[in-house]
Amino acid sequence: MIFLQKSCRLLLGLSSIVALVGMLLFLSSRSAPLKSDPQIVKIDTLTVDWNQFPERLQVLSPYKLEMIVTDQQLDYIELEQVAIRLYMDDMLCGEYQKNLERNDQGFYEAEIYPLMAGNWKAQLKISEKSGKVIYVERHFIAVY
C-alpha cells in the first residue's frame, strides 16, 4: 500500500514536470511577432532608427537598446527626453518604463528586458526640446 502511494506521488510529480516543460516549449516556439515593424521610422522632421532591435528577446535577459534619432540632414539631435515603455496588450501587469540616456556618440541607450514570454510592444516616447512629443512602437516576442 505504501509503495502504491509513493508511486502515485512520483507519477503525479513527473506529469507536472512534463506539462511545465511542454508549456515552456510551446511558448518559446512561437515564431514571429504579430507584425513586422520597420527598423527605421520617419516622423515629421525626425528619423528614428531602432538600430537592429531584434524581433525576439530572451525573457529576463538584459538587452542593450540603442536608439538613433536624427533630423532631416541626418545629424544626431539632442532631445529633452527619450523613454521606452515595454508592455503586453492583454496583460494588466508586467509593464515597465525606463528613460534612455544619451551617450557620447549621440545614441540614446538603456538596458531593457521583457518580464515574461509572449508578444510585447516597445513604445518609444520622444520629447523634443520644443515640447512636441512623438510616439513610435515596435513589436517583438520574448522567449525562454
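E137 and K121 form a salt bridge whose closest N and O atoms lie 4.0 Å apart, where a salt bridge is a side-chain nitrogen of Lys or Arg within 4 Å of a carboxyl oxygen of Asp or Glu. This pair links distant parts of the chain, with E137 in strand β9 (residues 133-143) and K121 in strand β8 (residues 118-127), 16 residues apart. Strands (E, at least two residues) are DSSP runs numbered from the N terminus. K121 is buried at a relative accessible area of 15%, whereas E137 is partly exposed at 33%; buried means under 20%, exposed over 50% and partly exposed in between, with a 1.4 Å probe and protein chains only.

The model is predicted: local features need pLDDT of at least 70, side-chain atom pairs count only at pLDDT 80 or more, and totals for chains, interfaces and linings use all residues. Residues are numbered from 1 along each chain as its sequence is written, and side-chain values use heavy atoms, leaving out hydrogens and water.

The structure holds 7 salt bridges, including those tabulated here.

| Salt bridge | Closest N and O atoms |
|---|---|
| E137 and K121 | 4.0 Å |
| E109 and K64 | 3.5 Å |
| K64 and E66 | 3.8 Å |

Because E109 lies in strand β7 and K64 in strand β4 (residues 63-70), their pair ties together parts 45 residues apart in sequence. Shared partners join K64, E66 and E109 into one salt-bridge network.

Strands β6 (residues 96-102) and β7 (residues 108-112) run antiparallel, joined by 2 bridges. E109 in β7 is the bridge partner of E101.

Notes
Two strands pair if DSSP finds at least two bridges between them. Helices (H or I, at least four residues) and strands (E, at least two) are DSSP runs, numbered from the N terminus.
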